[in-house]
Amino acid sequence: FLPQVDSANAGRVLASDAAVFLKKSGLTDLVLGKIWDLADTDGKGILNKQEFFVALRLVACAQNGLDVSLSSLNLPVPPPRFTDTSSPLLLSGTASSDLPWAVKLEDKVKYDAIFDSLNPVNGLLSGDKVKPVLLNSKLPVDILGRVWELSDIDRDGMLDRDEFAVAMFLVYCALEKEPVPMSLPAALVPPSKRKPLSVPGAMPLIPSSTSTKESHQSLPPVGILAAKTPLTQ
């Protein structure tokens, strides 16, 4: 990964270059800020090679639901995943439109019933209506905050039917003592919010640094507002 962000081959990475690159991990700004703070040990806004590897390792920890802390550095985790137009990794990421949704049909029926009982307006529930349901789980507030952040896929402060199902799925996972991931796994992204396959694979020769579409390559797909049409009239 280092040559992608250290184009001058100076053995160090500037904060601005690292920010663009780390954004492709699909993690939230909050988590990435924490990772940067831990990796940039001398607070100079520049990472040397060793510090950059620490940052990558923390990204991998976060993507696998582990705590973003220096104590997680020694835990075995798969390598970090970054979506990038010049990388074959992206193709495996975008093929996620074919993945079966992690929310099972019988569970979706249950979640839909809860959704309808909360009096959605135009097929959407505000945060105020969802909050009591989340708090009812008795899970820690920071976990519930992450559940909300992951399930509000289009970042409009409201949950539609599919997003609410994601929130409920994550709550039940947490209640079963499974870690809530730092970024939404591809299989959990509702089919209605998945990206079309046509864009990234078409131009694999263009290096990502010149691509203006970088911000749209990250998972979870944040920019899909089209799926927000009311599902039930």
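Trainee: Why is Asn-119 called exposed?

Mentor: In this predicted model, Asn-119 has a relative accessible area of 54%. The word exposed is kept for values over 50%, and because 54% lies over that cut-off, Asn-119 is called exposed.

Trainee: Where is Asn-119 placed in the chain?

Mentor: Asn-119 belongs to the loop that runs between helix 6 (105–117) and strand 3 (125–126).

Trainee: How do you know that Asn-119 is in contact with residues beyond its neighbours within four places in sequence, and which are they?

Mentor: Contact requires heavy atoms within 4.5 Å, and once the neighbours within four places in sequence are left aside, Leu-125 and Lys-129 are in contact with Asn-119. Lys-129 stands 10 residues from Asn-119 along the chain, and 8.5 Å separates their C-alpha atoms.

Trainee: What makes a group of residues a nonpolar core, and which residues touch the most other members of the largest one?

Mentor: Members must be buried residues of listed kinds, Val, Leu and Phe among them, joined through side-chain atoms within 4.5 Å. The largest such core has 29 residues, and those touching the most other members are Val-147, Phe-164, Leu-170, Leu-184 and Leu-188. At least two residues of this core come from each of helix 6, helix 7 (127–135), helix 8 (141–151) and helix 9 (161–175), and helix 9 gives the largest share, 10 residues. There is also a second, separate core of 22 residues, including Val-31 and Leu-56.

Trainee: What share of the chain counts as buried?

Mentor: Of its 233 residues, 45% count as buried, a word that calls for a relative accessible area under 20%.

Trainee: Which residues does the EF-hand annotation cover, and what is the chain like there?

Mentor: According to the UniProt record, an unreviewed entry, "domain: EF-hand" covers residues 27–62 and 139–174. Residues 27–62 are 69% helix and 8% strand, with their end C-alpha atoms 8 Å apart; residues 139–174 are 69% helix and 6% strand, and there the end C-alpha atoms likewise lie 8 Å apart.

Trainee: How many helices and strands are there in the chain, and in what order do they run?

Mentor: The chain has nine helices and four strands, and from the N terminus on they follow the order α-β-α-α-β-α-α-α-β-α-α-β-α.

Methods. Residues are numbered from 1 along each chain as its sequence is written. This is a predicted model: local features need pLDDT of at least 70, side-chain atom pairs count only at pLDDT 80 or more; totals for chains, interfaces and linings use all residues. Side-chain values use heavy atoms; hydrogens and water are left out. Buried means under 20% relative accessible area, exposed over 50%, partly exposed in between (1.4 Å probe, protein chains only). UniProt positions are given in the numbering used here, feature names are shortened, and annotations may be inferred rather than shown by experiment.
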